[in-house]
There are 2 protein chains.
Amino acid sequence: MTQADVVPRVNEIETQIVDATRDLIADRGLPALSMRAVAERVGVSATAIYHYFDGKQDLVDRVVGSAFARFGEYMESAMDCHPRGSMERVRALGEAYMSFALENVAYFRVIFSIQIAHPRDLADLPGGGGYPILRRAVVEAMESGAMRRADPDLASLFLWSTVHGLVTLVLACRLEPRDECGESPTPQGLFELFGPFLREGLEARDGGSS
Amino acid sequence: MTQADVVPRVNEIETQIVDATRDLIADRGLPALSMRAVAERVGVSATAIYHYFDGKQDLVDRVVGSAFARFGEYMESAMDCHPRGSMERVRALGEAYMSFALENVAYFRVIFSIQIAHPRDLADLPGGGGYPILRRAVVEAMESGAMRRADPDLASLFLWSTVHGLVTLVLACRLEPRDECGESPTPQGLFELFGPFLREGLEARDGGSS
DNA sequence: ATCCGTACTTAACACCGTTAGGTTAACACC
DNA sequence: GGTGTTAACCTAACGGTGTTAAGTACGGAT
């Protein structure tokens, strides 16, 4: 009711621009994103955006940043439902990764379409906001004896690669397993079917045919 | 010497256009590709391309097609060096996948940036030209007893996901393992380090700490 | 009253994919 | 020889793009 509520706050338009960009990417995809479309949705001229951002790339980067944050929260909450040190907790993280990617395809695509300029650390990777969380779960599972001891970074990267690869392949062609491939229809189901391979490996073992 | 040698053959300019497009994608990336740049490199006007192709997308699709073919040959030759039914053969395919992706980054990016319109089969996937090859190696390894018996499609997809995920992550940030992650510097080395996980799994086993 | 920075604006540039329409040369047929 | 027909291009242009330059309105501070 006061003036402060009516007059746009500092950075309010900035937020509007980022939100509009996010929505447009989600609706029509990154390649179809245009500054003029963003501007029109916000209600300003296209060049006004350059007052707040250094250019299109900078704008997209900001959207990616907000996606990172959301992704981290998603992973945290998925993990909290399972006991510390359990394999279930690790599995839940993998499932959350898949769910996030499939429910936020636009975000996921944007995140992994960019080239990181300042890597040097796994956690700096796109989507790497979830890496420390995964690593922690892996370390705890090793300490509890549920997971065999190994380099935790290597094991985390292995898990990450597997689930990330599956997500990417699924997204690349909206892969759906047919009859001869498996009876589970959802991608999450596919990840679940990977469970035995992840737990017991691929190599034949004496008498072991689970 | 005859006229036929001087006059361009049928489809010769078409080939030149595809080659120029491939080179430009490799040099400057798909987003920077322009019809005018392709035309200039070939030595014709930009609109001439439309005489041979339906548009930019069609042109890119043709480049992708040639990349598929090359990828298939790459996988075939990598496999031939190892005995049928061996785990080494399966491993060699994974290494070849990584090598191809890292040596032909532009191709690989293009291949997986497209959306397949006619999927319905794993082999229709981008890069799926290698899938039947992988599947065959997996089936043979299961029959020889080197690999534990399981759904061959599921096991193949699992292997594919793992190596594809690693490749994607490496490409996303030119990830290089540091001291605390592993002593092997190359991405291929990373894949090699995945070996124990792939063979024996992650789960702790009684007395088993290789 | 004047200056100054913020928050925009319009106009324009250079480039993009694509289309329309024209030109040239080769070839087939009567 | 004349007459289509077609392939293989061309130039000009349209509407779109990211981005820059330059100008305008306005709200304080001095």
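A residue is near a molecule or strand if its C-beta atom, placed from the backbone, lies within 6 Å of it. Residues are also sorted by type: Ala, Val, Leu, Ile, Met, Phe, Trp, Tyr, Cys and Pro count as nonpolar, Asp, Glu, Lys and Arg as charged, and the others, Gly among them, as polar. The structure described here is a predicted model, in which local features need pLDDT of at least 70 and side-chain atom pairs count only at pLDDT 80 or more, while totals for chains, interfaces and linings use all residues. Residues are numbered from 1 along each chain as its sequence is written, and chains are lettered from A and ligands numbered from 1 in the order in which they are written.

**Surfaces near the DNA**

The residues near DNA strand D divide into nine nonpolar, seven polar and two charged. For DNA strand C, the division is eight nonpolar, six polar and two charged.

| DNA strand | Surrounding residues | Closest residues |
|---|---|---|
| C | 16 residues | Ser45(A), Ala48(A), Ser34(B), Gly55(B) and Lys56(B) |
| D | 18 residues | Ser34(A), Gly55(A), Lys56(A), Ser45(B) and Ala48(B) |

Helices are DSSP runs (H or I, at least four residues), as strands of a chain are E runs of at least two, and both are numbered from the N terminus. Helix H3 (residues 35–42) of chain B gives the most to the surface near DNA strand C, with three residues. Near DNA strand D, the greatest contribution comes from H3(A), again with three residues. Helix H3 (35–42) and helix H5 (56–79) of chain A each supply at least two residues of that surface.

**Chain A**

Chain A contains ten helices and zero strands. A residue is buried if 20 or more other C-beta atoms lie within 10 Å of its own, exposed if 12 or fewer, and partly exposed in between, with C-beta atoms placed from the backbone. Of the 210 residues in chain A, 36% are buried. The pLDDT, which is the predictor's confidence in each residue from 0 to 100, averages 80 in chain A, and 77% of the residues score at least 70. Over residues 1–8 of chain A the pLDDT is below 50, and this stretch has one contact in the model beyond near neighbours in sequence. Two residues are in contact if their C-beta atoms, placed from the backbone, lie within 7 Å.

Helix H5 (residues 56–79) of chain B has 24 residues and reaches 35 Å from its first C-alpha to its last, close to the 34 Å expected at 1.5 Å a residue; the expected span is 1.5 Å times one less than the number of residues. Among the buried residues of H5(B) are Leu59(B), Val63(B), Ala67(B) and Phe71(B).

Phe191(B) lies in helix H10 (residues 187–200) of chain B. Phe191(B) is buried because 24 other C-beta atoms lie within 10 Å. The C-alpha atoms of Phe191(B) and Glu95(B) are separated by 7.3 Å, although the two are 96 residues apart along the chain. Not counting residues up to four places away in sequence, Phe191(B) touches Gly94(B), Glu95(B), Met98(B), Val163(B) and Leu166(B). With the same exclusion, Tyr97(B) touches Gly130(B), Val163(B) and Val167(B).

Gly145(B) lies in the loop between helix H8 (131–144) and helix H9 (152–173) of chain B. Gly145(B) counts as exposed because it has 10 C-beta neighbours inside 10 Å.
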